[in-house]
Every structure is written in C-alpha cells, then in structure tokens.
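Here are a few notes to read alongside the structure. Have it open and follow the points in order.

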Amino acid sequence: MADPATYRPAPGSIPESPGVYRFRDEHGRVIYVGKAKSLRSRLGSYFADYSSLHPRTQTMVQTAARVDWTVVGTEVEALQLEYSWIKEFDPRFNVRYRDDKSYPYLAVTLNEDFPRVMVMRGAKRRGVRYFGPYSHAWAIRETVDQLLRVFPVRTCSAGVFKRQHQLDRPCLLGYIGKCSAPCVGRVSPEEHRLLAEDFCDFMAGNTTRFIKRLERDMREAAASQEYERAARLRDDIRALERALEKQAVVLPDSTDCDMIAFAEDELEAAVQVFYVRGGRIRGQRGWVVDKVEEVTTADLVENFLIQIYGESESVPREVLVPALPPEEDAMTELLSERRGGPVRLRVPRRGDKKALLETVARNAHEALKQHKTRRASDLTTRSRALQEIQDALELDEAPLRIECYDVSNLQGTNVVASMVVFEDGLARKSEYRRFTIKAVEGQDDVRSIHEVITRRFRRYLAESEKMGELDHLGDPHEAVAGGSSPRNETEEGAHQPIDPETGRPRKFAYPPNLVIVDGGPPQVAAAQRALDELGVDDIAVCGIAKRLEELWLPGEGDPVILPRNSEGMFLVQRVRDEAHRFAITFHRQRRSKSMTASELDNVPGLGPARRAALLKHFGSLKRLRDATPEQVAEVPGIGMRSAEGIVAALHGGTAPAREGAAGGTGDGEHRGRRA
C-alpha cells in the first residue's frame, strides 16, 4: 500500500478546468477513472483529509502510485473521454456492469439480397435491423410464427436457401404459405425486400395501417363473393391481433422510451431496462454490478447511461430513470448527440409511466435476489466464505452454524426481534424464531438485544439440561470416566436434539458457533454480557454495522474489515439482511394487528362474523357507539340481549339516554379505527 502523500500533485499544479483523471498503480495499470467540473477541487478532495474518505476510496488511493489528468473543453467531452477510458482500461475500482444473461433479439438481415428473419444474440452487426431484446427466444418465435402468415419473409439459413434453390423446390414453409419462396423465384428480390420492410414497420409499431388494409381487402373480397380469400384475410387479421396481444399496450401509441430501475445494497446493484416502443413493451434486459466504490443511485444512473448508450445509436426519445444523474444537462446533450435528435431524461412522478417504472423496479429487486441466491448456492463459494469469516474473527473452527439477531420497532412501539439461522452457509428457515420484547419499554436496541440473547440461551441451557449435557460440557469423557454413560442416564433419546415424542428438533437445542447482532459496539457488548451472565463461554459474538459493513468484536476498539468483494463479506451481509427482513415482517404483523383491534374485541360472546356484520351495517365504530340497543338488534344475528351487552360494553356499562343520542366520549380517539 502506498502513502497518498508520496504522489500528491504539487500545490497549484492541478488546473481548475473540467477534465478526466486516472489513478495508476505501481505497475502503471489504470485502477480508477473519474471526471470533474474542476480537476483541482476534485483531486484535492482525495488528498486533503485521508480519514474522512470512505474506506473503499481509502483503499483506492492507497493502491494507487500516481495520478494524471487530461483537460477538456466541456462537460460533454469529459463524459465521452471518461467512457472511452473506462472501456479501454477496465479499471478495477470503477463500477462495471455485467449482463446477467445473453438476451436474444429479433433480427432482420436487410444487408442481404433476400433479407432473413432470425433470432440473434451477441454483438450487433451493421446492416441488420434489431427488435428487442426479448426475455426468451421462444417469445420471438411465437411472434414470428404469427406474422409469417401476413409477411412471408425468408427464415431459412444460407445453406438451406442454396439447397432448395438447387433442387428448384421450396421448403415446407413455402408449401404452407409461411414463406414467399424467393429461393425458387416465386417473388422477385424487390418484392421480397418490400415484404421484409413491411415486417420491420409492423414490428416498429406501425401496426394500424396493415390491419386497416387487410380489413379493406377482406370486405372487398366478400363483396366480390371471393369468400375463400376473404376467410384467409380474416385469419391474417387475427394472426396480427394475436401477435399484438403478446406485447401488452401500456402507454400511448406514440411513446418510445427506455425505463431504467435499480435495486441495490451496499455491495451490489441490479438494473433492469424495459424497452417501450409504440406504447408496447418490446423487451427487457438486466445487468448486475459490483459497487467497487461508494456511489449513489444518481451515480449508478450516470455510469449506466454512459456505458450502455456510449456507442449506441438506438437511443429513444425519452429515458425514464429513478434519479437524475449529477450532470443532467451534459448527459442529455451526449444522448441527443448519439441519437441525432432531442432526448428527454426525467424521473416520472405520477401516472402510467410512474406505475410502469415501479414494475421495472420490482423486476430489478427480483433479479438481485436471484443473483444472490445463485451465488450462495455454490458449495465451494460457501466453504470459502466460512473460511474467510473464521480467519478474520480468529475462530477456533469454521462457523458452520450462524445465528443473527435484529430488533425492529416503530418509535418504540411493538418492539420485536428476530433470530435467523444459517447452517453451512445456507438459510435454515425451520430454525428461525421470533421474539416479542417484554422487559424493555420504548426504543432501546441495546437492552432489547440483551433480553433476546438471554431468553434464547436460557432456553438452550434448559434444553441441554433435559438432554443431560450440562454435567459434562467441559470434558466429553468425564461422564464416562465416572462410570455412567450419558446416553443411558435417562429415557432413550433424551440426549438427542431430536425430540423422541414429536420427531422434530428441540427448540433452541443446537448452539451456534457464531452469534451476529445487527449493530455496533454497544449491541455487541450487550450480547456478550448476556452470555457471560448465563455462563456460556464457548460461543463467539460479533456485530455488523450497516453503514460501513464493519464487524465489531466484544471489547475491541477497532473493527474487523472483510474485503468488500469477499465471499465472507457477502455471507455476513446476507445473514444480516435476512434477520432484518424477518424482524420487519414480524413487526408489521404486530403493528397491523394492533391497528385493527377495536373495542368490539372485548365484548363477551361476540365472534368475528358478528363483529364484521355490525361494522358492515353501521359503517364505523363511531356510528355503532351512537346507536341504541333497538338499532343494534336490527342487525341479523344480533338479539336484544346481545345488543344491550354490546351497547353497555361500548359505553363502559352505561347505555345512551335516548335514541340517536351520542353515547360516550373520546370519539376522536377511536375515529378511523377498524375492527
């Protein structure tokens, strides 16, 4: 690691102009590329106060051995040069997008004498018209199969085309009317190219004129009593309509836009793009990116736009994003230059576009989850992760069983906690447990963690005592040396963590190798104190702080920092996120239950069905409280005696004085509450 002070540029040597800079390591390799409105201000921030830098940025400046820069005239030129250098040098500390799969396109080879419709993947070729990308190749084939009735364009390979030409006999598609058979001269090259261009126009969204033309021809054929031709045209129209149905109309016909959304955590981000052309979703595509530097959503948007549209001419009129890039005007100018026309870059705030962007965001969240699941399922990767955690925390053995705890509340109300379990790097959901905090009032995560750890390991000690383990925990041979076998002291199976009566694992019977708490030094100290008070001294404890993903050990002044792209860091983060999710879910259930409770719950003999009937009849609890027993008795299933009991319960034992009079006080307290 180099000292940044050794290669810091001399004061006043950095220009104040906009430009692009490169950090290089000791071997001259470019490790980071950045741009700035003012090179002096931006580069100065790397060397002014090292301690204030983000840990990932600290690693970058320590890895670097020198920095150079290039002055440019405008911010647009800076964007272009930054893109070129990132593509050329592939710097390790820049955000890099990886396509999460190879997406297929529908391609029309207009560069051939007889254009061909086909499925293509990979790099785009000059002279080929592309539509998509699509999620699956079969989606393309289904669409093409419908359209070939109306636009019988060639779909065969060059070898098949040449063979059928030599045989002077069309292939099967030529016989069934789904190819115009240019191989045997049924149509001229000009006529076939016209068919291909019409196919492209239809796929580009100009659908109305084709359907109207077919409908006109069908009516003319019917009027001329050419019923067979009219029937074929009718079937052609239905084929086009079925092809259109496969591409849902979501926006007005004139809408051409790309919709971009992100799902991210501290280490990775997933991005999804929906391509909307002619108001229809023509395809979608996804990428996954390692966040090798500290970036905001706006930074991710900027990096994505540069890398995806850097050399592309297929930029739509409008690009919808979750956040505008920092240099909005420069980015808009760059995209407009690539497109050869105006481009609008914006964040939708309402309406159909906002709703569709939310759908894109849900797809991004699902893609990120699937990416993490695939990564976690690999045995070699899990083994490496456990070994990295063992080495970093200096554990005696690999943490094959990890338990993680998190506390959730809303301003100190409905305080709950979660316990999630990972065995051999995989979630063991049957072992998850939920806790309602009992001894702590208000928002106090430290005391809540102490209570949860105490309750969990008190249960562990109780289960261990049932299994006869406590007498020989220190030495497994001690009980045998004393002349008795631990497996024969009590009833058969008592020493097993499996309950012989139910056949299920005993709750809290298995001890973890490692306890992780969501929090920093105070939470870790509380967890360790709880274990010490119970006399449990063979279980490691650590905490993970969310902001910087640091691991804290009890009594240590400095955190343990795992490499941010390591498998160990990924596993710890996944365990923490799962504990947080489980705690949040339980908290929402508790909060929802408390919000939907009402005074009717305390009325003896009043079940859910009759409570629902009362609220349906009166519309609200306030109206029910204002009603007399006679009015309540009008509800089906409610007798006079029950009605008097309901009214008395709602008024604290005192019925209203007269019909229609408002009963009781505190209307504001219960207004809007649901049963």
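1. Start with strand 1 (residues 19-24), which pairs with strand 2 in the antiparallel sense over 6 bridges. To find your place in that pairing, look for valine 20, which stands opposite lysine 35 in strand 2. Keep in mind as you go that this is a predicted model.

2. Now zoom out to the sheet: an open one of 3 strands, in the order 2-1-3, with antiparallel pairing. Its edges are strand 2 (30-36) and strand 3 (66-71), each pairing on one side only. On average, neighbouring strands here are turned by 20 degrees against each other, if you ignore direction. As background, strands of a sheet pair through backbone hydrogen bonds.

3. Next, some backbone angles. Most residues other than glycine have a negative phi. Aspartate 168 is not a glycine, yet its phi is positive, at about 55 degrees. You'll find aspartate 168 in the loop between helix 5 (158-167) and helix 6 (172-175). With a relative accessible area of 58%, aspartate 168 is exposed.

4. Where does glutamine 225 sit? Look in the loop between helix 8 (208-223) and helix 9 (227-245). Glutamine 225 has a positive phi too, about 60 degrees, although it is not a glycine. Its relative accessibility is 58%, so glutamine 225 counts as exposed, the cut-off being over 50%.

5. Last stop: helix 10 (residues 297-309). Its 13 residues reach 18 Å from first C-alpha to last, close to the 18 Å expected at 1.5 Å a residue. Among the buried residues of helix 10 are Leu300, Val301, Phe304, Leu305 and Ile306. Glu302 and Asn303 are on the buried list as well.

Notes: Residues are numbered from 1 along each chain as its sequence is written. This is a predicted model: local features need pLDDT of at least 70, side-chain atom pairs count only at pLDDT 80 or more; totals for chains, interfaces and linings use all residues. Side-chain values use heavy atoms; hydrogens and water are left out. Helices (H or I, at least four residues) and strands (E, at least two) are DSSP runs, numbered from the N terminus. The expected span of a helix is 1.5 Å times one less than its number of residues. Buried means under 20% relative accessible area, exposed over 50%, partly exposed in between (1.4 Å probe, protein chains only). Two strands pair if DSSP finds at least two bridges between them. Axes are lines fitted to C-alpha atoms, for helices over the stretch in contact, and angles run from 0 to 180 degrees between N-to-C directions.
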